[in-house]
Structure formats: structure tokens, C-alpha cells
Amino acid sequence: MIICDKCGISSHPFNLSFHKHDGKFLCSACDLHNYKKDTKFWTEREKNLINLLNDKKGKRYDAVVPVRGDAEDYYVVEKLISYKLNILVVFVNNFFLNDIGWRNFHNLITYFDCDSVTYSPNLHSYKELVVTSLRKFKNIYLPYKMILHQYVMSLAKEKDIPFVIFGQCQPQEFAGKFSYRDNLRLSNWWVTEHEYNNILYDEFIGTGLHLDKTKWDLIRYPNKSYLKKVNGIFLSNYLPWDQASQNIQSIQHDFFPQQQRNTFDYFENAGSSVYYQFHDLLRRLNFQPKVHDHILREIRFNRLDKKTGMHILKNMDQYLAYNIKPFFKNFLQTTDSGYRWFVKNRLMDVKHLIREESPKKVNQIGTRLMYEDSKISQDEFVKYTKGI
Amino acid sequence: MRIGLATIYHQGNFFQSFEGKYFKYLGKPRNIFDSAEYHNFSEILVIHPKNPPISSSYASTKKITDFFCAIPLIISGDILENKAQWFDTSGVERYAFNSLCFEEENDLHDQYLKDFGRQALLGIIPFVKEENHYYALDYSRFKKRIINQNLIDRLFHIYDEIIFHDISSHGLNCGFDFNIFESINIPLNRTIICGGVNLNSIPTAKKLNIAAVYFENISFHSETLIYDHMR
């Protein structure tokens with residue numbers, strides 16, 4: 001096993017490559033991270049972005065911006081407005097937002113005064129997709145991602161909007177998978193490889209999905225000939241991305257961070273009722289919880305010393321505690337025996353982490369990302385189904 | 001002119017390569033093949049390097065041919081020496097030889113010719129430019145050889161087509177170095193170019209009547225860039 005001498009990472013779901021530099025191993029993420037110091041390079045990249053955006057203007061809107069009420073959305077929207085783009089904010093409801101998430105989303109569109117579209121898939125169909133995804137792939141976010149990408153790309157095409165703009169390209173930032181010079185765009189391949197965990201549409205609907213055939217298009221990524229003239233781009237490919245510092249700035253725009261138990265980053269994915277609970281437990285089951293990425297990110301930016309970070313990563317389970325029952329009870333509305341069966345049979349490797357408290361607290365390491373006025377959710381599952 | 005995809009393969013996974021020095025994970029074969037079909041590529045060159053930092057094996061080649069792929073596959077870099085193995089990898093449409101290119105005489109050529117016919121055989125010349133001279137890289141012998149008319153004539157006599165692979169531009173999307181064709185007489189209608197090919201390379205390649213161009217990493221960096229351009 002090769003370990004990066006700079007950050008200590010050995011593997012990542014997006015896959016890493018390692019180079020030997022001055023006798024030391026350097027992972028692709030650290031290798032790419034070195035570019036962040038090159039201000040001349042980024043001035044040029046931002047110029048390229050502005051030229052690209054000015055080159056193709058839409059009739060009414062210049063870009064679709066998919067949001068989830070997260071701190072990152074505040075940075076993306078603010079940046080695009082500063083470029084004098086007329087943006088259409090699109091929120092695809094995954095029914096996982098709590099009261100803080102909804103409040104942050106409404107604050108975003110009010111504060112920046114942007115036009116927005118909210119799309120809520122049929123709740124019963126969505127639940128069936130989540131159940132199928134959980135049963136077949138141990139993943140509860142997959143249906144949301146499939147619907148999101150299908151919807152935003154189709155909407156951009158329908159409304160003749162030339163760009164769909166995402167903030168961070170995760171495989172690039174967390175695994176250094178692409179060069180910044182690659183001019184990476186969103187594609188069917190990219191989405192399948194990085195967002196859908198290599199699960200193909202046919203595989204998803206294959207067997208066990210109790211959903212009418214007419215609703216399958218909900219999760220089918222549009223064909224390339226249909227998507228002609230729609231460009232999906234990532235801002236992190238053109239700007240020196242520093243997720244944590246950018247997210248903290250959202251406080252100025254009245255963003256509410258959320259107190260979390262399983263990470264010290266109260267900004268990323270604040271407002272989700274499942275992200276650091278059941279979703280994170282499934283991440284831990286399949287690979288590593290989200291705090292793994294947060295620790296490595298902070299080490300690369302020299303905001304966390306490697307020794308502390310590595311100690312947490314090596315003893316990760318001591319820092320984790322998950323309460324997943326509300327998801328089964330309030331979202332899936334399963335019976336107690338159904339919940340117990342699932343934990344016993346499908347979560348056997350991680351069931352020791354389903355507990356009230358962990359022996360150690362990951363948020364004891366103390367970073368500026370643990371904003372002292374962070375909120376605690378009062379209403380975990382807000383399932384608006386009409387009237388938005 | 002045919003449009004193909006060139007990609008690096010190692011132990012069951014595909015990789016992006018930059019300048020032939022840096023390798024980054026790209027994806028699993030099934031997703032790569034699906035994507036290549038989605039982009040309507042005419043053929044896929046699977047570069048299967050033998051030398052460090054990555055090496056190859058028969059098992060690895062066999063694995064790739066077990067996937068169903070509707071696009072013809074060309075295997076380069078792991079040309080099998082065992083006759084039973086050739087037939088075992090029946091999913092391979094053509095073979096591209098590198099090291100054998102530089103051997104004046106080798107029985108393997110004749111055997112391949114006899115069993116599969118000339119159309120199945122390609123030569124691949126990875127090249128670099130140094131001090132205004134173009135050198136072919138002979139990977140198995142760690143040697144650089146100057147590209148001269150004798151070599152070219154001999155290779156076009158043996159192989160159906162020759163792939164000129166610009167190693168120093170590979171993965172950089174900076175354009176293929178067409179100057180290599182100026183100093184030597186090459187039948188361009190039997191020539192394939194690869195390495196740095198971008199959309200600006202297409203008009204020149206068409207003008208020169210090049211047989212095929214192979215895109216590398218950029219094939220996976222956009223949805224419709226190549227598709228839009230070609231149609």
C-alpha cells in the first residue's frame with residue numbers, strides 16, 4: 001500500500017495515483033493542490049471562464065445553477081452574479097432537508113434576489129427509488145443525483161440556457177483526478193463514474209424497482225444529441241478553490257451552519273437530515289465517512305496538523321456515532337421490526353456505530369469551521385409535497 | 001477519416017496519461033466502453049504498457065476482451081507470444097506492434113500474418129522530438145531510434161497501417177505535431193495519428209488524407225465536444 005508522504009492518504013473512492021517526487025510519494029490530490037499557489041495561473045483561468053461565459057449568452061438566462069441550500073451555493077451564486085450573469089437557480093428537492101436547509105435555501109434566493117425553480121419529484125415514486133437504491137446498492141443519495149442531473153440538463157435545454165454551472169468538482173479536489181488544464185465538462189460518463197458510483201441506468205431499473213415504466217425517465221440522463229449546446233462546467237476548474245474558506249464567507253449572507261456530530265465542518269452539507277447520519281454511515285460501510293475528506297482537505301491547506309489528522313483517521317470508529325432510526329421511522333415509515341431486520345442483516349459491519357454517543361468527539365479538534373453560532377435542527381424531515 | 005479513442009489500460013482499469021509520464025485513474029472498462037459507444041468512436045486503441053511504472057500480463061488482456069464492446073479493439077503493448085493465447089483473446093480486432101517494429105526479422109510477424117491477415121496488424125511508433133530530430137521509442141529495449149526513410153518503408157511493407165504516437169503531447173490536448181511528416185515520405189492514407197490530437201488537428205488531418213485520428217483524455221472531458229465537431 002502506498003501512502004502519500006504529504007497528506008497521509010492511501011486510497012479514495014475516486015481513485016488516486018501516486019508519483020515519486022524527491023524520494024517521497026505524492027498523491028494526485030496533493031500534486032494538483034500545488035497549483036493553488038500559482039496566482040498567475042488562476043488569473044488566466046478566471047479570464048478563460050469569463051470569456052467562455054460571455055461567448056455564449058442565453059436569451060433570458062445565461063446559466064442554470066443547481067443548488068441544495070448549502071454554503072457552497074452562496075459562493076457560487078455570488079460569484080456568478082459578480083460576472084453579471086443572469087442565472088436561474090434550480091433546487092431539486094431530495095426530501096432530506098431539515099428546517100435549517102430550507103431556511104438557507106429561501107435565504108439564498110431572497111438575499112441574492114435570483115429567479116428560482118423548485119422541483120419536487122412525486123414523493124411516492126421518489127421513496128420507491130430510495131428504497132430500491134438502498135436495497136440494491138446501499139446508497140440513499142443515488143436517486144436524488146440521477147433526478148438532479150436529468151432535470152437540470154433537460155431544463156437548460158428546454159429553456160435554451162447555454163450553461164449549467166456546478167461549484168466544486170469533487171474528483172478533482174479530493175483525488176486530483178483531472179488536470180485543471182483539462183477544461184473538464186459534465187458528461188454522461190462523468191456523471192456515471194463519479195456521481196452514480198458506476199451504477200448504470202439499466203442496472204438501477206433492472207430488477208426489483210416497483211415503479212411504473214412511464215416514470216423511468218425521471219432518472220434517465222438525457223441523450224447527447226438532445227444536450228447539444230448545453231455545457232455543464234465546474235467553477236473549481238477556473239478558480240483557486242478553497243471550499244472551507246469560501247463556505248465561511250456565507251455567514252456574511254446570513255447562512256446558518258449546522259452543528260454536527262460526525263464532522264468538524266459545520267458548513268458543508270448543513271441543513272441535510274441524513275448526510276452526516278444514515279448517508280455517512282453508508283459511506284463508512286462502503287469506504288470512509290465524509291470527515292475523512294474534511295481532514296485531508298484541511299491537512300493539504302495546512303490548517304490541521306498531519307499528526308492530529310492521521311490519529312483521527314486511524315481511530316475513526318471511536319469518533320463516530322449515528323442515529324439512523326429517524327430516517328427509517330420518519331422518512332421510509334418502516335416498522336420497528338423492519339428497522340431491526342435491516343440493521344441486523346445489512347449493516348452488520350457498522351452496527352456498533354449506531355449509538356447515542358461516541359467515545360471521542362471529532363469536533364474537539366477545534367477549527368474555525370465549527371462556527372459557534374451554528375444551529376441545531378428542530379425539524380429533521382420536512383416533506384413539503386405541494387405549495388412551494 | 002475514422003475517429004478513434006486511445007486509452008491506457010492496466011490491470012483491469014483504464015488510465016489517463018499525461019506526456020506518457022503521469023497516469024491518473026480513468027475508470028472501469030464497462031463504463032469506458034459504454035462511453036466510447038455513446039461518442040460513436042470507430043475504434044479503440046488500448047495501450048497496454050509493458051514497462052514501469054505500469055506493467056501488463058496476459059490475464060489482464062484476457063480480462064478486457066471478456067467485456068462486450070461493439071467497437072473494434074486494437075491492443076498495443078501486450079502482444080501475446082503464445083498462439084493459444086491469441087485465439088483466446090478473440091475480442092481483439094487488431095494488434096499494434098511496437099517492439100517488433102524494430103526487429104528486422106521475427107517469426108511472430110509471419111505467424112500473425114498467417115493466422116489473422118495483414119489487416120489485423122498495425123505498427124505503432126511512439127515518438128519524441130529532440131533538437132529538430134524525431135526519434136522512435138523502442139520500449140522493450142529502452143532505446144531511441146532515429147526515424148528514417150528505411151524504417152518507414154520497411155514498416156509500411158509489413159503492416160496495414162502505422163500509428164504515429166506523439167508521446168510528449170499525449171493527454172495535453174495541445175495539437176498533434178504534423179511536422180514529423182515533412183522530412184520523410186509516408187503513405188498518409190495508411191497513417192493514424194495519436195497524441196495531443198485536438199479539434200484543431202482535424203482539418204489538417206483531413207487535408208492530408210490521414211486514415212484515422214485518435215483522441216485521448218479529452219474524449220472524457222466533455223459530453224459533445226467531439227460529437228458536435230464531427231457532425
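**Exercise 1.** How much area do chain A and chain B bury between them?

*Solution.* The model is predicted: local features need pLDDT of at least 70, side-chain atom pairs count only at pLDDT 80 or more, and totals for chains, interfaces and linings use all residues. Residues are numbered from 1 along each chain as its sequence is written, chains are lettered from A and ligands numbered from 1 in the order written, and side-chain values use heavy atoms, without hydrogens and water.

Step 1. Buried area is the accessible area (1.4 Å probe) that two parts lose on being put together, summed over both.
Step 2. For chain A and chain B this is about 2300 Å², with 51% of it on carbon and sulfur atoms.
Step 3. Of the area that chain A buries against chain B, 30% comes from Asp182(A), Trp189(A) and Lys224(A), more than from any other three residues.

**Exercise 2.** Find the side chains that meet in a salt bridge across the interface of chain A and chain B.

*Solution.* Step 1. Look for a side-chain nitrogen of Lys or Arg within 4 Å of a carboxyl oxygen of Asp or Glu.
Step 2. The rule finds one salt bridge across this interface.
Step 3. Arg30(B) and Glu203(A) form a salt bridge, at 3.1 Å from N to O.

**Exercise 3.** Classify the packing of helix α5 (residues 123–137) and helix α6 (residues 142–158), both of chain A.

*Solution.* Step 1. Helices are DSSP runs (H or I, at least four residues), numbered from the N terminus.
Step 2. The axes, lines fitted to C-alpha atoms over the stretch in contact, are 8 Å apart at an angle of about 125°.
Step 3. Therefore α5(A) is oblique to α6(A), since angles under 35 degrees count as roughly parallel, over 145 as roughly antiparallel, 65 to 115 as roughly perpendicular and the rest as oblique.

Conventions: Axes are lines fitted to C-alpha atoms, for helices over the stretch in contact, and angles run from 0 to 180 degrees between N-to-C directions. Helices (H or I, at least four residues) and strands (E, at least two) are DSSP runs, numbered from the N terminus.
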